[in-house]
Amino acid sequence: MAKFSPPPGTADIFPAETVQWLELENTARKVFASYGYGELRTPVFEYTEVFQRGLGNETEVVRKEMYTFEDRGGRSLTLRPEGTAGVMRALLNTDVLNGTEQRVFYMGPMFRGERPAAGRRRQFHQVGVENVGRVAPELDAENIAMLMDYLARIKITGAELRINTRGIQSDRGPAGEALRRYFSQHIDSMCEDCRQRLHNNIWRILDCKQENCRRIIAGAPSYLEFFSADSRRYFDTVCRTLDALQVAYVIDPLLVRGLDYYVHTVFEIVHSGLGAQTAIAGGGRYELLLPEQSRPMVGVGFAAGMERLLLVREALAVAPAAPPAAAIYLVGLGEAPRLANMKLAAELRRAGFTVLTEVENKSMKSQMRTANRLNAAFAVIRGEDELSRGAVICRDLASSEQRELPEAEVAAYLRQAAK
Ligand code: HAM
């Protein structure tokens, strides 16, 4: 039968892989909780204007990549392309607008209509964090340090942290003007996207990946000198705090990030193990405006792409999490022994073992084959004879040693033998 694949850019995640996902998720929960963050779960779709307003109408994500549809009442809804805007919408119901700090993290699927490639999906998964309500460069640095901590805990080595500052909105006028003057002189030899960016979003020219454009970008004037002294001091404090926390970084003046809500610090983590899609995580400080709000939500946060974290772990040959607990396979010969085995299975599971049991009338040979196929550590065998004696036979499938035991002693024996 022909395979019925999931839609392009999506994937099924089978149990053998889920073990790895759980490791990433559970480690995130542990690390972020140790910094005082709690998990927030928001819907996977929101009113479209939450993203249009929150991320900016000129961003690539809003212009080209959103999955938008109408609900029954004709309201426009969008599958979340990222987590921050929805989290801000949820936090409007708390005290953050009065400057009370909120520390939240989230994980789950995000949706962007991008061209699928290795590490680029239409449904992908992020684990992300937002520190909302307060503005302080030390918080930006702590946020970045927490991300690096997380990467170390999931055994990702060799990741490079790139940081930059985008200043605040009022810094961008003069700096953007200087860039526009420069790029206007070269625009005829730049790509079609850059031509549009010259008018729509001059800053995005800086991270164009086209080779020809990159040569021109390399000669662009330094815009930092147009930023206010306050903004430059803010960035200096971020860098000094990272130094104090012994977090290594590279300052990358071309790093601007693709979403319009960023102010001050922006950062990205790149890793050579990824190939073309180099960013495994990105984030920064933001001022995010929601519909019908006159004041933006302020915060700092990041999100890491889980598929990309897994690709890097694969490239680094990181061993998967601890293998599942040794499995016990219960072999039953005859109806009454099989029934007794189902009861024993329930007891052993309550005692913490992973237990599988044959429920059909199969031969000894066939049941042992199943035990081996399932990679069980022990077979616990019972026929009518053993049942009448209240006993079972425990067989170590690695060494082939076996012994008969009273049923009541099986759990204690297996616990000892499985060590
Ligand atoms: P972002 O850079 O758009 O930032 O996405 C964060 C990460 O999600 C990327 O570094 C990448 O690992 C992963 N990612 C993005 N698109 C895809 C895709 N199509 N397929 C696979 N992985 C992908 C944000 O989303 C911001 N909300 C981060 C943030 C939080 N900034 C402040 N707070």
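Biologist: What does the polar backbone atom of phenylalanine 302 sit 3.4 Å from?
Modeller: A nitrogen atom of the ligand. That's a polar contact, meaning a pair of N or O atoms within 3.5 Å.

Biologist: And which ligand atom is 3.4 Å from the side chain of arginine 308?
Modeller: A nitrogen atom again, facing an N or O atom of that side chain. Keep in mind that this is a predicted model: local features need pLDDT of at least 70, side-chain atom pairs count only at pLDDT 80 or more, and totals for chains, interfaces and linings use all residues. Residues are numbered from 1 along each chain as its sequence is written, and side-chain values use heavy atoms, leaving out hydrogens and water.

Biologist: OK, how many residues surround the ligand?
Modeller: 27, with Glu82, Glu114, Arg121, Glu130 and Tyr262 the closest. To be near, a residue needs a heavy atom within 4 Å.

Biologist: Which element gives the largest share of that shell?
Modeller: E10, with seven residues. Strands here are DSSP runs of at least two residues, and helices (H or I) of at least four, numbered from the N terminus.

Biologist: Switching topic, what's the strand order in the open sheet of five strands?
Modeller: E13-E12-E14-E15-E16, with mixed pairing. Two strands pair if DSSP finds at least two bridges between them.

Biologist: Parallel or antiparallel for E12 and E13?
Modeller: Parallel, over four bridges. One of the residues involved is alanine 327, whose bridge partner in E13 is threonine 354.

Conventions: A polar contact is a pair of N or O atoms within 3.5 Å; within protein, one must be able to donate a hydrogen and the other to accept it, and residues adjacent in sequence count only if both atoms are side-chain atoms.
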